[in-house]
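Here is a short note for a first look at this entry. Please read the points in order, with the view open beside them.

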Amino acid sequence: MAFLDIRMLRKTYGSAVALDGVDLTVQAGEFVTLLGPSGSGKTTLLMSIAGFTRPDEGGIVVDGHDVTFMDPEDRDFGLVFQGYALFPHLSVAENIAFPLKVRKWDKARIAAKVEEMLRLVDLTDYASRKPKQLSGGQQQRVAIARALAYGPRILLLDEPLSALDRNLRESMQRELKRLHQETGVTFIFVTHDQEEAYAMSDRIAVFHAGRIVQIGAPREIYANPQSLFVAGFLGGNNIFKARHAAADGTLTFFGNACSRPPRFNPAVHGKEGEVIGWVRPEDIAVGDPDAAATIRFDATVVDISFVGSAEKLTVTTTDGQELTLQVPMHFAVDIRPGAVLRCAVKPEAIGFLPPDI
Amino acid sequence: MMPGWILLQRLLPRIAAWLLLAFLFLPILVVIPVSLTDREYLSLPDQSLSLQHFASLLNWRAGWLPSMITSIGIAIASSLLATALAAAFAIGAWVHAGRWPTAMRLILLSPLIVPPIIYAVGMVRLWSRFNLLDTWIGVTLVHMILSMPLAVLAIGASLANLDPRLVQAARSLGARPPIVFAKVILPNILPGVAAGAVFAFITSWDEITVTLFITSRRIVTLPRKIWTSIADSVDPALAAIAAVMLLVTIVGLLIRMLVWDGRTPNRS
């Protein structure tokens with residue numbers, strides 16, 4: 001039986017549905033990310049697990065005990081916020097000691113635990129500082145140490161890295177991953193940033209309109225989006241339309257007809273007429289001379305923008321669909337808007353989606 | 001020619017500011033010479049300076065001392081009640097932000113908006129029905145209501161700088177509401193609570209309009225005593241009491257400035 005078992009959770013605010021029947025099971029020690037755009041219900045679910053939001057229907061079971069209506073202070077779950085929520089009048093050490101004093105630990109035990117937590121988040125030299133005297137990343141580490149100090153069963157993290165700048169965010173991701181491995185606590189992490197989700201999670205639950213629309217390991221979700229929403233939300237995907245002619249078993253897109261790509265299944269993706277496909281920008285090659293088994297097409301450059309590691313090209317195909325693709329910097333030197341490029345894509349890189357529900 | 005013009009341009013605002021300050025402050029200072037008059041009516045000293053009017057303040061039968069005690073008692077009681085209620089409301093509104101707290105806030109702040117005389121008429125009717133006219137409880141409750149707005153504003157202002165998520169953070173760490181209040185909220189809003197209490201005390205201390213309507217013989221607050229003694233006589237003791245109040249106010253302000261300014265460097 002799963003450690004955390006959420007069943008058919010529903011929560012409405014007036015006519016707005018925040019959670020529309022969410023099921024989720026999490027194993028002990030797992031790192032699960034709730035990923036979705038704002039307003040998709042991921043924070044409502046986190047707050048229901050924390051005990052600050054009462055669901056209208058459904059239940060939350062932890063380790064065999066129903067906690068759906070238990071007070072948050074009895075749950076023993078750590079909670080970390082985007083805004084840190086450190087107690088401004090207490091020092092770093094006093095902040096970490098707070099949950100231990102509330103639990104009436106004796107002084108020596110508190111001192112030892114605070115010392116241990118400070119070492120865990122590498123803030124031993126900052127014990128007597130006030131939160132305001134720390135940087136954002138340091139404050140967030142204090143918040144995590146405080147939430148982990150009393151040995152919670154689950155650590156809930158509500159967009160804890162969104163307020164940090166990019167470099168700091170990446171080092172905090174590694175830090176969180178390390179803390180997760182060292183403590184063995186179950187982490188439930190909310191974010192709208194997919195890269196953050198990929199970098200840390202064992203599994204990702206993608207939220208859309210109050211539901212979990214897909215759940216799985218990061219690579220699996222990236223490689224196999226199962227709906228238009230997930231395909232569009234993850235990784236700047238190219239979504240395009242194709243025509244399926246059942247009579248001769250061909251798909252027509254980007255101005256040429258080809259036989260059915262391996263991932264196309266007429267029963268699922270559309271028996272006849274218009275179907276929806278997707279292809280990742282990195283899977284479209286430009287001017288690739290070799291590889292026999294590729295689908296080739298011409299596209300006109302509309303826009304070029306530099307994204308740091310590569311040049312991002314926006315092109316239009318001969319059937320009027322817009323695509324994004326990435327080429328190495330040196331390659332783009334001669335390319336100007338209006339240029340016609342010969343593009344190629346491997347059939348197995350093209351995915352298809354069921355007609356949108 | 002230019003330097004003179006520039007000098008004037010720079011000096012003029014300063015002179016204007018000092019004149020305005022003098023205009024505000026000098027009329028207050030006039031009570032000091034008047035309180036030292038050697039005559040039996042309100043006037044500037046004639047032959048010599050005299051402390052007789054200060055002495056008469058201490059005379060119990062003259063009524064100044066009892067009314068001062070009454071005023072202090074009512075001010076302490078009403079400001080404590082007002083501060084406690086204002087803190088309770090402000091914290092509640094801070095935790096549960098929404099439409100109802102905003103509406104409630106408007107009602108609580110209404111004594112600032114409604115003219116006191118209108119309030120007075122209403123209170124006379126209400127208090128006569130509850131038999132609270134001319135009683136300690138009646139006056140204390142009215143003063144409490146009148147001093148709530150400033151206390152709510154002062155406490156609300158210090159809560160505005162506090163992250164409401166602190167409550168959720170503390171609760172998730174295992175703290176029950178009483179501990180959240182005592183160990184998390186209160187330490188962070190103490191300056192606001194203290195300021196609110198001082199405002200509430202001052203509001204009660206010099207409240208006259210409503211007090212005149214709801215008291216008669218039993219409860220005589222200091223402002224009421226001043227009011228009646230102006231009406232029946234021009235006793236220079238008035239100037240003496242004004243001088244004492246001025247002194248107390250200045251000392252209070254100095255203490256406040258010293259305590260607050262001494263604390264700021266540690267707090268940042």
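1. A:Ile239 has A:Trp278 as its bridge partner in β14(A). Strand β11 (residues 238–245) of chain A and strand β14 (residues 273–279) of chain A run antiparallel and are joined by seven bridges. Strands count as paired if DSSP finds at least two bridges between them. Strands themselves are DSSP runs of E with at least two residues, helices are runs of H or I with at least four, and both are numbered from the N terminus.

2. The model is predicted: local features need pLDDT of at least 70, side-chain atom pairs count only at pLDDT 80 or more, and totals for chains, interfaces and linings use all residues. Residues are numbered from 1 along each chain as its sequence is written, while chains are lettered from A and ligands numbered from 1 in the order in which they are written.

3. β11(A) also pairs with strand β12 (residues 250–253) of chain A. Three bridges join these two, again antiparallel. Here A:Arg243 is partnered by A:Thr252 of β12(A). The hairpin of β11(A) and β12(A) has four residues between the strands, and A:Gly249 takes a positive phi near 65°.

4. Is helix α1 (residues 42–50) of chain A mostly covered or mostly uncovered? Mostly covered: nine of its nine residues are buried. Buried means that 20 or more other C-beta atoms, placed from the backbone, lie within 10 Å of the residue's own; exposed means 12 or fewer, and partly exposed lies in between. The buried residues include A:Lys42, A:Leu46 and A:Ala50. A:Gly51 follows α1(A), with a positive phi near 100°.

5. Chain B has twelve helices and zero strands. Its radius of gyration is 23 Å, whereas a compact globule of 268 residues would have one near 18 Å. That radius is taken over C-alpha atoms, and the globule rule is 2.2 Å times the number of residues to the power 0.38. The C-alpha trace of chain B spans about 75 × 75 × 35 Å along its principal axes. Of the 268 residues in chain B, 31% are buried.

6. In chain B, helix α5 (residues 99–113) and helix α7 (residues 136–160) have axes that come within 7 Å and cross at roughly 115°. Axes are lines fitted to C-alpha atoms, for helices over the stretch in contact, and angles run from 0 to 180 degrees between N-to-C directions. Among the contact residues are B:Leu108 of α5(B) and B:Val152 of α7(B). Contact means C-beta atoms, placed from the backbone, within 7 Å.

Technical notes:
Two residues are in contact if their C-beta atoms, placed from the backbone, lie within 7 Å.
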